[in-house]
Amino acid sequence: MAPFLSFFQISLHKNLLSFFFTYVQLEDIKEKAKKLAKYKLCDACLGRQFAKIEHGISNRERGKRIREMLGLEKVDESECWLCDGLMNEIEKFADLVIDALKDYEFNTFLVGCKVDEEILRKEKEIETPYAESIKREINREVGKIVAKKLDKPADFKEPDIVALINTLYDVVELDVRPIYIYGRYRKLVRGIPQTKWYCRKCYGKGCEYCNYKGKMYEESVEELIAKKALEAFEAEDESFHGAGREDIDVLMLGNGRPFILELKEPRKRNVDLKELEKQINEYAKGKVEVTGLRYAKKEEIEKLKSAEYPKIYRVVIKFREKGKINEAVNALRGRIISQRTPKRVAHRRADKIRHKKIIDIKIEDLKMNEATLIIKAESGTYIKELITGDEGRTTPSLAELAGVEMKVEKLDVIGIGDKDEEK
Ligand SMILES: [Zn+2]
Ligand SMILES: [Zn+2]
């Protein structure tokens with residue numbers, strides 16, 4: 001077995017930096033190779049069982065050397081006990097992947113594969129400590145061909161597209177990473193919800209109740225923004241993530257509310273967002289306006305949702321008499337109020353008491369039966385209830401402190417501060 005030994009000794013020298021074999025290990029490797037001789041393995045499958053020993057040559061080449069040194073007969077791939085011809089199909093799989101990718105714009109990709117259970121079982125049976133898996137080899141070898149032919153790099157961490165080859169049926173499934181776009185929106189009309197609101201009877205299928213629209217409202221901020229983005233990215237679907245939301249009858253003015261639009265299975269990835277911004281604003285004219293569109297990362301959604309943005313509101317309120325409204329406003333400035341979940345939202349939010357700071361409040365205009373207030377409050381403050389008191393569930397409230405009944409006529413968000421500012 002001298003030639004065989006020297007084969008591994010040569011390997012040893014070449015890889016002195018990454019591997020160090022003791023004499024005992026070397027004997028072990030030799031013995032394992034001999035044991036495998038009783039299986040009819042193609043060169044690739046034989047070489048793969050020793051893949052970790054040296055890098056820089058293919059499993060097929062390594063297998064050939066081992067076979068020649070052991071004096072074994074060559075086994076054709078199609079006769080191979082382990083792969084049953086699979087190792088002959090690498091080129092074909094690469095072509096399938098390239099064909100599946102042809103309609104998609106992408107910068108990086110990754111190849112994955114599904115292999116027959118029977119092959120995986122056999123692989124376990126003959127596995128040596130130096131082996132790599134057949135899946136890994138297929139992924140790598142197919143990936144190399146695809147990278148070369150399409151001139152795009154594989155990316156193991158965050159590929160734009162994962163191509164999953166089902167080697168049993170010769171089909172390729174694609175997993176296309178979504179595109180995320182950050183921006184701010186202004187809502188200029190009352191009566192539209194922030195997000196799509198499915199019919200509460202049919203949940204989107206369409207029924208008599210919703211006039212076969214499947215939705216409770218004809219339009220939403222989400223749909224007005226997403227329409228043109230879906231077209232530009234040729235995406236299948238979208239999700240809208242807002243930094244909080246305003247009520248349907250509330251305007252969102254000022255610098256606008258931050259949002260992230262998630263576009264699913266996009267065929268295009270490199271869209272000029274300045275141009276898209278123009279198209280959205282043209283399409284949603286008079287209803288919704290977006291600014292500052294930029295590409296974002298998925299992780300930003302969590303941050304956006306949990307970020308505490310203080311908000312500035314303009315509220316028009318009505319009353320029969322103004323009572324001690326001036327004193328009440330002064331008393332609320334800088335004060336922390338406690339709010340039990342309002343009656344109007346109790347059906348969808350947990351019933352609990354929240355403490356919120358009224359960062360600033362002032363009277364902009366005061367008439368006999370009407371006042372306009374500017375209020376800056378911590379994220380999550382219920383403004384309507386801050387005014388009315390919600391039958392004692394919010395305290396103190398403007399009505400309580402002024403000693404008169406009040407009602408909210410109109411409410412607009414006129415500014416959203418930076419997150420975590422002035423807690
Ligand atoms: Zn094989
Ligand atoms: Zn319906």
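Start by colouring the chain by domain: domain 1 covers 2-79, domain 2 covers 89-176, domain 3 covers 179-306 and domain 4 covers 311-416. These bounds come from an automatic or database domain assignment. Keep in mind that this is a predicted model, in which local features need pLDDT of at least 70, side-chain atom pairs count only at pLDDT 80 or more, and totals for chains, interfaces and linings use all residues. Residues are numbered from 1 along each chain as its sequence is written, while chains are lettered from A and ligands numbered from 1 in the order in which they are written.

**Stop 1: where domain 1 meets domain 2**

Show both domains together. Eleven residues of domain 1 are in contact with seven residues of domain 2; contact here means that the C-beta atoms of two residues, placed from the backbone, lie within 7 Å. Now select 23-36, which is helix 2: with three residues, helix 2 gives the most to the side of domain 1 that touches domain 2. Helices (H or I, at least four residues) and strands (E, at least two) are DSSP runs, numbered from the N terminus.

**Stop 2**

Select 109-114, 161-166 and 171-176. You are looking at strand 1, strand 2 and strand 3. They form an open sheet with the order 1-2-3 and mixed pairing, where two strands pair if DSSP finds at least two bridges between them. Strand 1 and strand 3 are the edges, each pairing on one side only. From one strand to the next, the twist averages 25°.

Zoom in on strand 2 and strand 3, which are antiparallel and share six bridges. Pick Leu-164 and you will find Glu-173 opposite, in strand 3. Pick Asn-166 and its opposite number in strand 3 is Val-171.

**Stop 3**

Helix 5 lies across strand 1, strand 2 and strand 3, at about 135° to strand 2. Such angles run from 0 to 180 degrees between N-to-C directions, with axes fitted to C-alpha atoms, for helices over the stretch in contact.

Back on helix 5, which residues are buried? Select Phe-93, Ala-94, Leu-96 and Val-97. A residue is buried if 20 or more other C-beta atoms lie within 10 Å of its own, exposed if 12 or fewer, and partly exposed in between, with C-beta atoms placed from the backbone. Turn the view to look down the axis of helix 5: its buried residues fall within an arc of 160°, so they line one face. That arc is taken from the directions from the helix axis to the C-beta atoms. Their cover includes strand 1, helix 7, strand 2 and strand 3. On the other side of helix 5, Glu-91 and Asp-99 are exposed.

**Stop 4: two aspartates with positive phi**

Go to Asp-84, in the loop between helix 4 (59-70) and helix 5. Its phi is near 55°, a positive value in a residue other than glycine. Asp-84 counts as partly exposed because it has 17 C-beta neighbours inside 10 Å.

Then jump to Asp-390, in the loop between helix 12 (383-388) and strand 12. Here phi is near 50°, again positive in a residue other than glycine. Asp-390 has 20 C-beta neighbours inside 10 Å, so it counts as buried.

**Stop 5: two prolines**

Pro-396 sits in the loop between strand 12 (394-395) and helix 13 (398-402). Display the peptide bond from Thr-395 to Pro-396, which is cis, with omega near -5°.

For the other proline, select 251-264, strand 6, and find Pro-258 in it. Pro-258 is buried, with 21 other C-beta atoms within 10 Å. Setting aside residues up to four places away in sequence, Pro-258 touches Arg-184, Ala-243 and Leu-304.

**Stop 6: strand 8 and its partners**

Finish with strand 8, residues 311-319, which pairs antiparallel with strand 11 (residues 370-377) over eight bridges. Ile-317 has Ala-371 as its bridge partner in strand 11. Strand 8 is also joined by nine bridges to strand 13 (residues 406-416), again antiparallel. There, Val-316 has Lys-410 as its bridge partner.
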